[in-house]
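Subject: Structure handover

Hi there,

Here is the structure I promised to pass along. Have a look through it, and my notes follow just below.

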Amino acid sequence: MTAPVHSPGAQPAAGPAYPPARRTGLVEQIAGHSVADPYRWLEDPESDESCAWLAAQDALAAGQLAALPARPALAARIAELTATGLVSSPIWRGERRFFLRREPGEEHATLITSAPGEPDRVLVDPMALDPSGATTLDAWAPDKEGRLLAYQISRGGDEESVLQVMDVTTGEHADGPFDRCRYTEVAWLPGGKSFYYVRRLPPEAVPADEAQYHRRVYLHTVGTPPEEDALVFGEGRDKTDFYQVSVSWDGRWLVISAAQGTSPRNDVYLADLAASSPGAPALGVVQEGVDARTSVHVGRDGRMYVFTDAGAPRGRLAVADPGHHDRAGGWQDLIGEDPEAVLQDYAILDGAQARPPLLVAIWTRHAFSELTVHDLASGDRRGIITVPGPDTAGADRPGTISQVTERPEGGHEAWFAYTDHSTPVTICRYDARTGAVTPWARAPGTVRIPPVLTRLVTFDSADGTEVRMVVLSPPEDPPPADGPTADGPTVPRAAILNGYGGFAISLLTPAFSPAALAWVEAGGV
C-alpha cells in the first residue's frame, strides 16, 4: 500500500477527472458466496474498450506529472543515488570465491570469480549474452571443487531458467542446455561428475493446461543426455509440488524437501548415500504431513541441524542424529524460540582455528536484524555481534542482515550483507578468533548520500495491537510530539506511507532506497 498522507487540518485538493470505467452487474457464485466482478471486461487488455480506458489513464497521468515542476530534479537525484551498484556475499570453494557485482549504470549483476594470484574474472554477464537487457541470470551453483559451474538463464522475461554447465577455468561450455528447469536447485555430488536437480515433465506427458506443473527430482551425469537422467523423486505426488534438494559437503547425505505451491509447510526426506545408490536413494521421512516448515542440513560434525517452526512460530534450531532423523527419534533444541525475534538463518564456524566451535544466528526483531553468537555444542549464547557503520552502531542499529555464508569445508570466518536506509549493501566479515567485524566489500559506486533521521515509533491500532513504524525525515525535524513543545511544533511535511503483509514476508525491513532518500532530502517524510 502506498498512499499520500495529508497534514492535520489540511484540506485535500480537488482531484483530477478520472476516466470513467463502466461497471457491470456481473455476480458469480463461488463456494456458496456471491462474488461481484463489475470490471471483468478490463481483464482483456486487447479489447477496444480496455485500450481506450488505458490510453485515457496514461494521458491523465502524463498531464499530472508534467505539471510537477520539481519532478525532473527529483528523478535526476534518484538516478544519482541508484548509481551505487551492488555486491554480494562470497561463495567459497577452497581459496576460490564466486560473487555477484553490478557496476554503476549496469542493468544486471555479473557473476565473477577470483582466486589468489589471479584478477577478478567474469563468468556470466547477462548484458554480454543479450545487450537488450532482457536476459537474466536466475541462479548458479559451483560444484564442490569449484571446477564446474551450473547456472540458469531466462530470456525475454520468460522465467524458464534454462540450465547450463560451464568449465570455470576455461569459461567453455561443458553441458546443457536443459529446459523446463524453472525454480530448480542444483546439488552437486563430490567430484563434479553428477548433480541432482529439478525439472518439469515434457509438455506432451501432461495435460495441456498443466505444463507448468509436474516437477521431478533427477540425478544427472555431466555430459550425458538428460533423457538418461535417473528419476529420483516426485512420482505420484501432487502436481503443484515444488522441490528443494541438497547434498552434505562430504556427499553422504541427500535431503529433499517438498511443498505444495506456496504452502507454509513441507515434507522432508533424508537418504544416506553411503548405504544406497545415488540414483535410487533410500529416502527416509524426516517430516511428513506436519503443519510446519522445516529445513535440514547435516553438518561437518555429523549432526543433523533442523531449522523448523514446528511448535515454534518464530523458529528454532534443533539437532539430531541423522541415523535416527524423524521427530520420534528426538530433536533436541540447540537454539530455542525467542519470545519476540524471528530466527532467519545461521552459519557454523568449526574450523581448526575456531575454538570453541561457534554458531552465528541471524534474527529479525521488530523488523530490524541482529546477530548473535552461540556455542556450537550447547547452543549457549555468548554475545551479540555489532555492525560497524557511520552512525549508531550496535545491536539496536536499524538495519538488515542477509546472505550469511561460511567456508563449506569449515573455518573461523562468516560473511554477511548489511544495509539500512542510508547505507548501500556492504559485505562484512566476522572473525570468530577475535570477535571482530570488518567491512569486506562495498558497493562499487560512490554517491553523495543525504543525512536522514531514522526513528522507530510505536502506537496502538484500533484493536489495541501494538504496531511499530520506521519514520524517515530530514535531520532538522524535532522529535515527534502531541503538540507544541519547547522545541516548537512538529513541522507538517508531505508524507508517503508504505505497508505490506503477506506470505510471512516483510518487505519493509530497512534497505537502501534511492527513492526514499531523494524524497526525504526534498523535505518529505
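To follow the first finding, you need one term: a nonpolar core is a set of buried Ala, Val, Leu, Ile, Met, Phe, Trp, Tyr and Cys residues joined through side-chain atoms within 4.5 Å. In this predicted model, the largest such core has 18 residues, and those touching the most other members are Leu371, Ile385, Ile401, Phe416 and Tyr430. At least two core residues come from each of these strands: S25 (342-349), S26 (358-365), S27 (368-375), S29 (399-406), S30 (413-420) and S31 (423-431).

Apart from neighbours within four places in sequence, Ile385 contacts Val360, Leu371, Val373, Tyr430 and Val437. There is also a second, separate core, made of 17 residues, with Val232, Ala258, Tyr269 and Leu273 among them.

On cysteines, a search of the whole structure turned up zero disulfides. Cys181 counts as buried because its relative accessibility is 0%. Cys428 has a relative accessible area of 2%, so Cys428 is buried too.

Now for confidence. The protein chain has an average pLDDT of 90, and 92% of the residues score at least 70. Residues 1-10 have a pLDDT below 50, and this stretch makes 15 contacts in the model beyond near neighbours in sequence. Residues 391-396 are also below 50, with twelve contacts beyond near neighbours in sequence. Where pLDDT is low, the predicted coordinates should not be read in detail.

Happy exploring!

Methods:
Residues are numbered from 1 along each chain as its sequence is written. This is a predicted model: local features need pLDDT of at least 70, side-chain atom pairs count only at pLDDT 80 or more; totals for chains, interfaces and linings use all residues. Side-chain values use heavy atoms; hydrogens and water are left out. pLDDT is the predictor's confidence in each residue, from 0 to 100. Contact means heavy atoms within 4.5 Å. Buried means under 20% relative accessible area, exposed over 50%, partly exposed in between (1.4 Å probe, protein chains only). Helices (H or I, at least four residues) and strands (E, at least two) are DSSP runs, numbered from the N terminus. A disulfide is a pair of cysteine sulfur atoms within 2.5 Å.
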